[in-house]
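Please read the following briefing alongside the sequence and the structure.

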Amino acid sequence: MCPENCNQLDNIKTAQAPVADADLVDLCSRCGKCRSVCPVFAELRAEPYVARGKVQLYKALLNGTLEATEKYRELISFCLLCGQCTENCPNGVETEQIVLRARSKLVDSSGLPFIKRNVFQHLLKDNGRLNWFAGWLSISQRLGLRSLARKTGILPSPLKNIEQLLPDLAAKPLRSQLPGVLNPPGRVKIKVGYFTGCLSQYVFTATGKNVARILSQSGAQVVIPEQYCCGMPALSAGDEANSAALARMNVAAFQSAAVEVLITDCATCGSTWQNRYPELLGKELPFKVMDISQFLAQWGGLYTQRSSGQASALVTYHDPCHLARHMRVREEPRVLLSSIPGLEMVEMQEADRCCGASGSFQLEHQELSTRIGERKIEHILATGARIVATGCPSCRLQLARLLQVRDADIAVVHPIDLLK
Amino acid sequence: MALFTQLGKIAGEHNVFSSQEERFCYAYDGSYHLHLPDVVVKPQSVEQIVKIIKLANDSGTPVFPRGAGTGLSGGSLPVRGGIALVLTDLDRILEIDAANQVAVVEPGVITGQLQAVVEEQGMFYPPDPGSLEVCTIGGNIAECAGGPRGVKYGVTRDYVLGLELVTPTGDLIHTGGKTIKNVTGYDLTRLMVGSEGTLGIVTKAILRLIPLPREVKTVLAVFDDLLQASEAILDVFHSGVTPATMEIMDAEAIKCVIEQAGARLPLDAEAILLIEVDGWPSAVEEELAAVAESCLRHRARSVETAGTAEERNRLWQARRAISPSLVKLKPTKISEDATVPRAQVPAMIKRLQHIREKYGLNLVIFGHAGDGNLHPNIIADERDAGEMARVEAAVGEIFQAALELGGTLSGEHGIGLMKAPYMQAELGAPGLAYMRRIKQSMDPNNILNPGKIFLA
């Protein structure tokens, strides 16, 4: 992170609330340019749903014009935190930051809903309980309880929606299948930590194994310590306290392992580490944070050779918001994909437009999330590619779910899964 | 029956907002004022608009028509509560008639999107307000929006051939048509354009299109002296060139957009001119040479041509970013658009510099210098009462200067809320009374956008 940004974060830290808040919202000139890019606004077409509306709503909460009502909470929940408005704003107004602060204020004033409170407070910080829960879920899925529940319609409708979005869990969590330290075949060129994230840990374990293998093949010693949820689900719900607690636990785990670089294969985890942890903790991280594709572009020389033209399969790439805009990783995954023999990379339209998943947004606003995702699906289908790669497991779940609904025979993978 | 319920019956409940939080999101526009509507409604058809206007007349409720809410004079603000009538859902391009070079559109169509669609077919809709990516044709017509291309191509009024509109008493009428010539009765089309939503609600517009210029070239000329730059502007016209655009930015404006523009803009310059010439390629080359010569004659430090479309786009992004980016200096932006005859631009710039010094204000000068439509923007903090008093005095002097130089209060933003107190100074009492009588006779119940253009 650049020194300039760090200063900014420091200011926010020390000034605590009013002044810095005012500076954030006063940057908005109300020009309305965000109306041309906001994916939520494109669907709902009303001012409360666009970035300008959110910024003015927060300003009104700060100066007491509006109160933290249920309606207010509802309107503030309609943000993907995709960052597209900020990227297109003449003043770079940080709507995402403003929405997170608004949500945090709402939690301060009236707390979290029961389920979220218990998940953030008790489940995410306790791997024993989390593993037990995931194990139980995985077994029940494999025993066919899921199809039974679907057929009998036994679940009440809010739970049914959540159940439908729930991915199939792996039989065994990733970290229980990997050693704590993985050594490279030859000399140790660098010592990296692998932050598996919850989705590689419990859902996409094959991707997690690929990441660990490829890291070690590229000459890295890979440390995989005991670790926890990155905290973004809690933070996006406004629960700063629990996300800060998770940040502290995670930083401690990798700091004591003395890693030089922390590797993520999940865009959300990576950007939380890179952009949110320094602010939550009030200090810089003791190591660099890199997305796996970024790391390989710098360290994995073996993956940059393109072999001579064979009949190739088309692959297209979807930019996760957290990777493209938050971690500024756009080129590396594309270079990686283009370098794989037998694959031909083809760009889709609006590759960096949000797919609509946005973590728990898809639970709260399932129908809207699907509508936003549909536009992405159209763009994917238009490429004619048989494979779509993306560096974010949350996007991956959304794309796979929507493609399945269309009966489209298109594989959704992490770019790393395509490396031999 | 409550207003909310009646509106719900007309437009559907989900198209009516009554919560304070939702209404708050229609209390602002691109200016810095705030006025909360009592209710917000998004009609889905012309029939619904007619019903809403009749309901408003029956119940004596004021109606404030609104597009994307990007106006800079407070024209759409619900200054008396009432109904905020949001027209963005009527957004179909109904017809593009290539043979007659005419487009028929609904009021919620976004200006930039219309431009993209007609340009694909080799046609051109020139008006280009800074907010063209989001602003609507309906709003453009209400305010008679202009933009940089005004100098060569004119403004919105020059492209509106006919209208369908709902009158303030709820009748549906049409004006003009697809023909270039039309002298059948009063020119109501022209009267409606720029009437700021006080005389009717546009529900359909017939727009004139022209052939898309084959070639566009953009020149960036850098000056060490603001007045020299303004002299160069006149020289370009003397040389026989009518540039497509002729924009000026002063040192403060350059600073505000330097990030968007990248390294192309020099931070130590006192002024830059952004000039475009367009037309047939061979003519463009000759005009380009003449423009460069004029600038150099007036001691331009450098004159460069934007090489690629991307470079050109970047310069324009930077130019359009000036207005929004000024709030980086201070939160309250007072955007003026006092306009003078082109030959008075150097004199006007001198007067503005004098006002800036006299009141010790952040006064940024930029705008469409080629048509005399400058945008002196004052950047202040509304929480600072002393500063705001100086702002008010300075604004008064800006208007006075423009009028003394043979100009006008507003070139393209409209009178709205903010310039209403100065109307009489430009029009005189009988002139203003004549306008008022037009408003009174068309809107006897004073339903449509009351409190705008005229002081209460």
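In chain B of this predicted model, strand E6 (residues 102-105) and E10(B) pair in the antiparallel sense over 4 bridges; strands here are DSSP runs (E) of at least two residues and helices are DSSP runs (H or I) of at least four residues, both numbered from the N terminus, and two strands pair if DSSP finds at least two bridges between them. Because the model is predicted, local features need pLDDT of at least 70 and side-chain atom pairs count only at pLDDT 80 or more, while totals for chains, interfaces and linings use all residues. Residues are numbered from 1 along each chain as its sequence is written, and chains are lettered from A and ligands numbered from 1 in the order in which they are written.

**Strand E10 of chain B**

- Opposite Val105(B) stands Ala205(B), which belongs to E10(B).
- Strand E8 (residues 160-166) of chain B also pairs with E10(B) in the antiparallel sense, over 6 bridges, and there Ala205(B) is the bridge partner of Leu163(B).
- Of the 8 residues of E10(B) (residues 201-208), 6 are buried, so the strand is largely enclosed by the rest of the structure; a residue is buried if 20 or more other C-beta atoms, placed from the backbone, lie within 10 Å of its own.

**Fold of chain A**

- Chain A holds 22 helices and 9 strands, and buried residues make up 47% of its 420 residues.
- Among contacts in chain A between residues at least 6 apart in sequence, 78% join residues at least 24 apart, a contact being two residues whose C-beta atoms, placed from the backbone, lie within 7 Å.
- Strand E2 (residues 190-195) and strand E3 (residues 220-223) of chain A pair in the parallel sense over 4 bridges, with Ala220(A) in E3(A) as the bridge partner of Ile190(A).

**Contact between chains A and B**

- The contact takes 23 residues from chain A and 27 residues from chain B.
- Helix H4 (51-62) and helix H5 (70-77) of chain A are the elements that give two or more residues to the side of chain A that touches chain B, and H4(A) gives the most, with 4 residues.

Key: A residue is buried if 20 or more other C-beta atoms lie within 10 Å of its own, exposed if 12 or fewer, and partly exposed in between; C-beta atoms are placed from the backbone.
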